[in-house]
Amino acid sequence: EHITRAGFDGDLEPVQSFEDLRWRMTRGALDGRDLTLEIAGEGTRSAREIVLPLGRIEAKDADAQMFRKIGVVAPLTRPEIGEVMAGGAAERAGLRRGDVVRSVGSMAIVEGQQLRDVIRASVDGGQPRAQTWEIERGGQMLRIEVTPEVRDEAATKVGRVGAYVGAPPEMVTVRLGVVDGVWRGVVRTWEVSALTVRMMGKMLIGEASIKNLSGPLTIADYAGKSASMGLTQYLVFLALISVSLGVLNLMPLPVLDGGHLMYYLWEGLTGKSVSDAWMERLQRGGVALLLVMMSIALFNDVTRLFG
């Protein structure tokens with residue numbers, strides 16, 4: 001099955017991409033609105049509608065872990081075994097490249113990320129837990145006993161099998177004309193800008209978590225992840241960062257461009273410039289506020305990456 005349309009209050013629009021779907025989920029969570037999804041079965045013309053109850057998620061819970069709470073983390077991938085490392089747990093168990101994992105123990109496996117999470121959690125008291133995997137190989141179902149290796153990761157012991165898990169997500173190329181492409185870019189830029197402003201406003205009044213503030217460490221981490229997914233995803237990430245930073249720069253803080261625009265507006269309305277004494281006070285206040293924001297962002301980075 002795949003999601004064909006999504007929207008609010010019965011107004012459904014075609015879903016262009018996974019990022020488009022995540023965008024609408026974010027809007028629904030921030031606005032407290034349920035999202036209606038139209039789902040079509042593969043090879044069938046009939047479609048059904050389901051309602052994603054995003055209205056139950058409070059705006060303060062709209063943080064970096066929001067999509068995991070909803071149950072959507074990334075584009076779904078086949079739970080397929082890729083390259084197998086020599087001498088690793090996967091090779092010792094008899095796993096081969098191209099094997100599709102259907103279940104681990106009594107748990108049905110439907111997606112690559114789910115399988116990776118199961119492998120990581122296959123440690124009891126610092127010791128690996130043997131598991132029975134049901135795999136599909138060449139149209140036949142086989143059962144294989146797999147005992148992951150235990151590795152230390154961020155002061156936590158996790159399971160590893162020594163193989164690439166999960167096939168690359170299926171991609172569809174969408175080509176637009178010059179006019180349609182420019183218009184789509186303008187619309188998406190406006191949406192990103194509006195959402196950034198609304199998120200900042202909700203953080204200021206306490207309706208959204210300050211965990212949404214990210215600094216250079218998180219940006220570098222996600223830049224690397226997006227680059228590993230391909231040039232398109234990397235450019236999309238750079239565009240989102242550029243728009244967000246552009247909106248931040250237009251905030252009415254004296255040390256930012258938005259602060260200078262605020263001075264110009266004051267001078268235009270009153271006919272006189274801001275006094276030197278007030279200019280100094282505003283500059284100090286702006287620097288202090290930026291330092292606070294940078295400290296929170298850096299703390300969130302450290303907590304998210306090393307916590």
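**Close-up views of a predicted model**

View 1. Val182 counts as exposed, at 52% relative accessibility (exposed is over 50% relative accessible area, buried under 20% and partly exposed in between, with a 1.4 Å probe and protein chains only). This is a predicted model, where local features need pLDDT of at least 70, side-chain atom pairs count only at pLDDT 80 or more, and totals for chains, interfaces and linings use all residues. Residues are numbered from 1 along each chain as its sequence is written, and side-chain values use heavy atoms, leaving out hydrogens and water. Val182 sits in helix 5, residues 178-204 (helices are DSSP runs of H or I with at least four residues, numbered from the N terminus). Together with Val178, Val179, Trp183 and Val186, Val182 forms a nonpolar surface patch of about 570 Å² accessible area (patch members have over 30% relative accessible area and no salt bridge, with nonpolar side chains joined within 5 Å; a salt bridge puts a Lys or Arg side-chain nitrogen within 4 Å of an Asp or Glu carboxyl oxygen; areas are Shrake-Rupley values with a 1.4 Å probe).

**View 2. Helix 1 packing against helix 5.** The axes of helix 1 (residues 18-31) and helix 5 lie 12 Å apart, at an angle of about 30° (axes are fitted to C-alpha atoms over the stretch in contact, and angles run from 0 to 180 degrees between N-to-C directions). Residues making the contact include Trp23 and Leu30 of helix 1 and Val192 and Leu195 of helix 5 (contact is heavy atoms within 4.5 Å).

**View 3. Gly258 in helix 8.** Gly258 belongs to helix 8, residues 257-270, and is buried, with 5% relative accessible area. Beyond its neighbours within four places in sequence, Gly258 contacts Asn249, Leu250, Met251, Pro252 and Leu253.

Methods. Helix = DSSP H or I, 4+ residues; strand = E, 2+ residues; numbered from the N terminus. Patch = residues over 30% accessible without salt bridge, like charges linked within 9 Å, V, L, I, M, F, W, Y side chains within 5 Å.
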